[in-house]
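User: Hi! I'd like to understand where the labels on this model come from. Please set each value against its definition.

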Amino acid sequence: MREQPDIIIPDSVTMPRAEVRTTANGVKVYRLDANEFEVVRFTLVFRAGSSMQHKSFAASATANMLGEGSTHLTAQQIAEELDFYGSYFDVNIDRDYAYISFCSLKKFFEPTIAVAREIILHPAFPEHEFKIYCSKRKQSLRIERKKVDMQSRELFSEALFGKEHPYGKSSDEALYDELTTDDLRHTYRTLYTAENCFVACSGNIDEEVLGQISALVEALPSGEKPSLTMPTPETTHQLSRSVEGALQTSIRLGRLLFPRTHPDFVGMQVVAAILGGYFGSRLMQNLREEHGYTYGVMAAMVNFDKEGYLAIATQVAKEHREDALREIYFEIERLRNELVDEGELQMVKNVMIGEILRILDGPFGIADVTIENIMCGMDNSATEESVARIFAISAEEIKALAEKYLRREDLIEVYAG
């Protein structure tokens with residue numbers, strides 16, 4: 001009979017440091033070489049998220065339309081060229097940034113970056129594809145907004161930041177009808193510039209590959225570095241929305257706190273993990289296992305460029321809304337008034353460190369964490385320091401953080417259903 005191997009949780013994590021080069025036009029290129037892998041991935045990060053847009057949906061439409069045709073290639077030709085070489089092109093966008101990634105086998109890097117040059121430097125934003133895109137996104141958003149989870153998510157952002165704040169604003173899907181390709185070209189000219197970009201590349205990055213990536217970003221147009229003055233958030237402590245015919249109620253609790261650069265952010269990540277950060281968390285044990293109110297509940301710290309917040313989210317049968325809220329507050333008060341058992345605390349630490357190690361398993365995961373650190377103005381020592389902080393935190397510190405930041409009168413409560 002084979003014996004199960006011992007579970008070993010390392011007491012530290014060592015992160016590779018990115019080599020940084022600056023191109024002639026000022027773009028920083030971060031290189032994480034892992035030459036044992038025959039793959040290359042490079043990600044261009046632009047400060048071009050929805051908080052920067054001049055018109056509703058302009059940021060996401062611009063990012064997603066980059067690959068829908070260039071001055072030399074149609075959308076179909078772009079897709080077929082990448083597919084032929086087994087390469088992929090990926091777009092992600094959030095409130096703050098747009099992430100444009102390309103990945104290929106090392107031997108197919110040259111044809112892949114040739115397509116990347118078309119997508120990044122010569123997007124055409126063709127009218128026909130644009131109308132199809134807007135029609136699909138409008139319909140998709142309309143369907144999503146019928147779900148109580150989507151409605152509570154938008155209400156929660158509004159409650160945290162205010163209805164007109166860039167982080168709290170939700171736009172009516174009908175505004176897609178007012179968006180034009182000129183809006184996309186304006187967004188591209190304004191935000192997809194050398195001054196508003198950095199690049200992270202990982203995998204088998206030799207000098208030739210690095211040179212071609214640098215040449216690509218050196219061709220980015222120049223422009224003024226965009227600036228955004230964030231208004232002061234206007235918090236509302238309770239919001240609700242009645243959804244006719246809904247069988248469930250989606251609940252969100254939390255509060256505005258601070259971004260990842262704050263010294264208490266990692267500590268509050270541990271607090272959130274104890275509450276609802278893994279399957280055996282306190283809220284899961286209480287709401288799911290003991291009372292059967294829900295299939296799942298989560299708690300997490302969320303980081304934006306200018307703000308950060310704690311969120312607790314679940315869905316329950318409509319008749320159990322008040323019961324679930326009572327139990328959530330009960331678990332919060334337990335954290336504020338009682339010390340966490342050392343066995344439970346060690347379990348939470350193991351889960352958190354294990355998740356970090358899972359993310360860092362491979363060059364692409366390391367690159368993703370590196371990008372996050374860069375956006376926070378940090379290098380990869382920040383990840384090592386976070387791991388050390390998780391290991392070192394005590395039950396007394398957790399209780400003190402919960403007492404300080406989880407007072408009921410400070411919490412926001414939102415539900416839709």
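Analyst: Happy to. Helices (H or I, at least four residues) and strands (E, at least two) are DSSP runs, numbered from the N terminus. Helix α5 is followed by Gly162, which has a positive phi, near 105°. This is a predicted model, in which local features need pLDDT of at least 70 and side-chain atom pairs pLDDT 80 or more, while totals for chains, interfaces and linings use all residues. Residues are numbered from 1 along each chain as its sequence is written, and side-chain values use heavy atoms, without hydrogens and water.

User: How do you know that the span of α5 agrees with its 14 residues?

Analyst: The expected span of a helix is 1.5 Å times one less than its number of residues. For α5 that should give 20 Å, and its end C-alpha atoms are 20 Å apart, so the two agree.

User: What makes α5 mostly covered?

Analyst: Buried means under 20% relative accessible area, exposed over 50%, and partly exposed in between (1.4 Å probe, protein chains only). Eleven of the 14 residues of α5 are buried, among them Met150, Glu154 and Phe156. Their cover includes α4, β7, β8, β10 and β11, where contact means heavy atoms within 4.5 Å.

User: Why does Tyr30 count as buried?

Analyst: Its relative accessibility is 13%, so Tyr30 counts as buried. Phe198, at 11%, therefore counts as buried too.

User: What makes Tyr30 and Phe198 an aromatic pair, and which kind?

Analyst: Rings of Phe, Tyr and Trp (its six-membered ring) pair if their centres lie within 6.5 Å; planes under 30 degrees apart count as stacked, over 60 as edge-to-face and the rest as tilted. Tyr30 and Phe198 are 5.9 Å centre to centre with 85° between the planes, an edge-to-face pair. The pair links strands β2 and β6, with the two residues 168 apart in the chain.

User: And what kind of pair do Tyr85 and Phe108 form?

Analyst: That pair is tilted, at 5.2 Å centre to centre and 50° between the planes. Tyr85 has a relative accessible area of 22%, so it is partly exposed; Phe108, at 25%, therefore counts as partly exposed.

User: Which residues form one aromatic cluster?

Analyst: Phe156, Phe161, Tyr167, Phe304 and Tyr309 do. Phe156 and Phe161 are also among the buried residues of α5.
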